[in-house]
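Here is a briefing for a reader new to this structure. Look at the chains first, then read on.

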Amino acid sequence: MDNASFIIQQLINAIFLGSIYSLIALGYTMVYGIIELINFAHGELFTAGAFIGIIVLAALQNMGFVETHFVLTLILVFGMAMAYVAVLGVAIEHVAYKPLRKASRLAAILSALGMSIFLSNGMMLSQGVSDRAYPAIFGLKGFSILDARIAYGQIFIIILSLVLMVALNMFVNWTKLGKAMRATAQNQTMARMLGIDIDRTIRVTFMIGPALGAAAGVMVGMYYGSVRFDMGFIYMIKAFAAAILGGIGSIPGAVLGGIIIGGVEVLWSAFLPSEWKDVTTFVVLILVLYLRPSGILGEHVSESRV
Amino acid sequence: MTVKEPILELKDVHTYYGNIHALKGISCAIPSGDIACLIGANGAGKSTTLLTIFGVQRAKRGEILFKGYPIHHLRPEQVAAKGISQTPEGRQIFPRMTTLENLEMGAYLRNDKAEVADDMEWVFDLFPVLKDRTRQLGGTLSGGEQQMLAIGRALMSRPELLLLDEPSLGLAPKLVEKIFETILEINKMGVTIFLVEQNAHMALSISNSGYVMETGRIVLTDRAARLLENEKVKKAYLGE
Amino acid sequence: MAKSDVKKFIIYSLFLGILILPMVGFPGRSFEAARAFTIWGGIVGILAIWLLNKTIRHSDMYLRTSAHLAPFRNTVLRKFSKLPTRHYILLLLIVVGSFPLLANNYMIDVGITCLIYIVLGLGLNIVVGLAGLLDLGYIAFYAVGAYSYSLLNLHFGISFWLSLPIGIVIGAICGCIIGYPTLRMRGDYLAIVTMGFGEIIRLVLNNWDKLTKGPNGLLGMSKPEVVYPAFSKGGFEWVVYSLNSLHALYYLMFIIAILTVIGVRRLDNSRIGRAWVAIREDEVAAELSGVPTTWLKLLAYAMGAAFASVVGAFFAAKLSYTNPNFFIFMESCIVLCIVVLGGVGSIPGVILAGIILIAVPEVFRELQDYRMLAFGLAMAVMMVLRPEGLIPATRRKQELHEADQSSPED
């Protein structure tokens, strides 16, 4: 493979990873924006999405549905994974966050962490500790640019993540509920005084964020061909790094941060020993927090404590 | 003068911040269609009174009636739905939303699109400056513009009662005059106004009735014109 | 029974049921629906008991009876509190100390594990409980201790005792390295960054083949040795006794645990301890009153790390083996669970929770698989129902209840 095709290949990888991190980071950033807490269970929701994807896909494949209704299959897989995880997100909000909205920060963080431990172990029990293969539905069909092979599946995933991000942007900026969400994030008391039911907006946030994460989970499964109960952990830290890098609370920031983190990771694995790539992300995260805690596009973040 | 039906009535309202007894039994009745003002020194509990009416702070004891209906057990969003709106202390506009979006949020509870558009025009008539700033983020507006936006936003819900907390705070004298003129204009449209002010002279001169507050209690209640003449008020709040 | 409570209870239980669902529906694996719903039933049952308890406590009858019983209760309580705390402590020491004499090897091993986790819990308690800094990468210091001893022993033949102070210093330095960049961060950032740091240390141990032999781990460290004088026929000589037996290791760990308890207790009641509390409560105010916050936060990390490092060294010596997979994130979670469930900032709470969380699943082996599942859920539910933990720290309890009062809304 010559240099140009190598670069194209890596570019596709970077865009893919970047959009995955962006989708997950959006969930963090939205939840953080509205309740100023990090949803520790977000990584597990992402994994749950991937598993629901497997289940639906496997079921449809058994029925022979995939060959006949390919597009519908995709819609069903993504739709069900996202819908289910959205419900899960609301459940987590209700069980772990809502009762603690006025409690100390530490209590809320710990309860969210408890949820994360609970879900991750639940998935371990139900799905086992080994990798589970994702049914390959795209096959290997694709096209070549120079010598670089690009599968249709990759293109589809990248386009879908773009669509989701654009849809989110439209929702947040153009709809009444989306605007109410932004208002709640900016000034909760004032939002309530204008008649906005913040319980509802928070609930919606806890549906959309996890749903995006679930979509990312299915995409990761389809792209790499396998999922594992604990894969959420590493994605969670990277997406968090992306959210912080872009400026937590900022939606465009999350996308930008995701793409940067994805790019750095791909660059690193292309030229340097890839077993150290995760360490790089952590180092980036820590450097950003240390040098510019408000991130690239972030508003000023108050440096208050727990 | 005939006694008008009170639109808002507070009966012996007590509010606490933790262990601090902030309101020690506030009672007042604001007649429908009036401008009433609440004056007093810093920390007297004026803002707390407004926040308590809105349910942001919970009244521990006492009753708050809006058009005869008790609202002290309601949450802020429910109070808003009853037809009260507020421009709180510090304006509290949404800094990362445009002027237009801020105004739209004011009409959050309404579904009558056409009339909302009409009201938006009305707000732009009241505050023409805002019209040139529709696409600008709230956080980038000047102090006076933010104040106008906050009042405009409060009007967008078509309230029957408008609670205004220190609309003159931090504004140039000319602007203050303009704001007070607008308040009178809004009142003429039939909106009852409950005004909290440090600028006692201005507030009393546009109000029908006035309340003087000291350390959590209302110590003086009278017609605004007579309060302006009151020796004690003159000395303490009008600087004469 | 208050209507709103019942409604809350029903909704809460339903949502908990939704959370259980991922464990039910995924085909192809062992975990069947019945078991998942048993777990759910258990949780709902606990919630119901709590609701009932609350209802009874608020009922007129309870209040009336309890008013009558108050004098009686007070006399009983007074009688008990007249026994000085040291009697209880003595009793505890005798029980824990005589435990190996009665137990079999397996139980002693479990006992050692318990003690290890109790010390880890107490160490983390300094960071989380006293200084209020949430650390999710605490297990990394345990790893640092284990690997420092292993490497020192294997490469330089340094003995356990000599490597302890070195390990403590390395641990404390690592604590400062991790602490320094995170000093100005807010709680949840701190949590994720420490989590990342913990992962970095694990990854370094895993990837640095030349030094750590990677995932294969290090093997063959010597056990701790004690030297004592003996008078034999030939006269006076020093005897080297290697602590090979489980009994000996148990007592060594027991001593470490006692020293830790004493150390943490003294810290808690010291000027430093009070300064930590001040930082936890209001950092700005503490700083303005002249508390050197930066220094003290670093100190909290360093102290916590030092304790973990000691047990880490012990752990490596006990097994004569160590590998990076002993130090995964879930281990940090277990230690954190011990601190949180026991009561943040409470020494007896941590001890009790350490025993419950480690020993109970060991004894009932069939529960082992569900251990973390239960811990996680317990942590969430605990924060909602009883944030102060099983045995609340006195200071902490007051704070948590003040927090309730200062939010009059709803």
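Buried area is the accessible area (1.4 Å probe) that two parts lose on being put together, summed over both. By that rule, domain 1 and domain 2 of chain B bury about 830 Å² between them. The model is predicted: local features need pLDDT of at least 70, side-chain atom pairs count only at pLDDT 80 or more, and totals for chains, interfaces and linings use all residues. Residues are numbered from 1 along each chain as its sequence is written, chains are lettered from A and ligands numbered from 1 in the order in which they are written, and side-chain values use heavy atoms, with hydrogens and water left out.

**Domains of chain B**

- Chain B splits into domain 1 (6-83 + 159-238) and domain 2 (93-149); such bounds come from an automatic or database domain assignment.
- Their contact (heavy atoms within 4.5 Å) takes 13 residues from domain 1 of chain B and 8 residues from domain 2 of chain B.
- The centres of these two domains, taken over C-alpha atoms, are 24 Å apart.
- Carbon and sulfur atoms give 80% of the area buried between domain 1 and domain 2 of chain B.
- Between the two domains of chain B there are 0 salt bridges; a salt bridge is a side-chain nitrogen of Lys or Arg within 4 Å of a carboxyl oxygen of Asp or Glu.
- On the domain 1 side, helix H2 (76-82) and helix H7 (173-188) of chain B each supply at least two residues.
- Helices (H or I, at least four residues) and strands (E, at least two) are DSSP runs, numbered from the N terminus.
- H7(B) gives the most to that side of domain 1, with 6 residues.
- By class, that side of domain 1 has 8 nonpolar, 1 polar and 4 charged residues.
- Ala, Val, Leu, Ile, Met, Phe, Trp, Tyr, Cys and Pro count as nonpolar, Asp, Glu, Lys and Arg as charged, and the others, Gly among them, as polar.

**A sheet in chain B**

- An open sheet of 4 strands in chain B has the order E2-E1-E4-E5, with antiparallel pairing; two strands pair if DSSP finds at least two bridges between them.
- Strand E2 (20-31) and strand E5 (69-70) of chain B are the edge strands, and each pairs on one side only.
- Strand E1 (residues 6-17) and strand E4 (residues 59-66) of chain B run antiparallel and are joined by 6 bridges.
- Leu10(B) has Ile64(B), in E4(B), as its bridge partner.

**Domains of chain C**

- Chain C is divided into domain 1 (3-80) and domain 2 (104-364).
- The C-alpha centres of domain 1 and domain 2 of chain C lie 35 Å apart.

**Chain A against chain C**

- The contact takes 63 residues from chain A and 64 residues from chain C.
- Chain A and chain C bury about 6,000 Å² between them, and carbon and sulfur atoms give 75% of that area.
- The interface of chain A and chain C has 0 salt bridges.
- Chain A and chain C also have 0 residue pairs in polar contact (both at pLDDT 80 or more).
- Elements giving two or more residues to the chain A side include helix H2 (42-62), helix H4 (70-97) and helix H5 (105-127) of chain A.
- H5(A) provides the largest share of that side, 18 residues.
- The chain A side has 42 nonpolar, 12 polar and 9 charged residues.

**Chain A against chain B**

- Here 21 residues of chain A are in contact with 23 residues of chain B.
- The area buried between chain A and chain B is about 2,100 Å², with 59% from carbon and sulfur atoms.
- Gln186(A), Met193(A) and Leu194(A) supply 32% of the area that chain A buries against chain B, more than any other three residues.
- Chain A and chain B have 3 salt bridges between them.
- Lys179(A) forms a salt bridge with Glu104(B), and their closest N and O atoms are 2.4 Å apart.

**Salt bridges overall**

- Over all chains, the whole structure has 23 salt bridges.
- Asp131(A) and Arg228(A) meet through their side chains in a salt bridge (4.0 Å, N to O).
- This pair links distant parts of the chain, 97 residues apart.

Conventions:
Polar contact = N/O pair within 3.5 Å; in protein donor to acceptor, adjacent residues only side chain to side chain.
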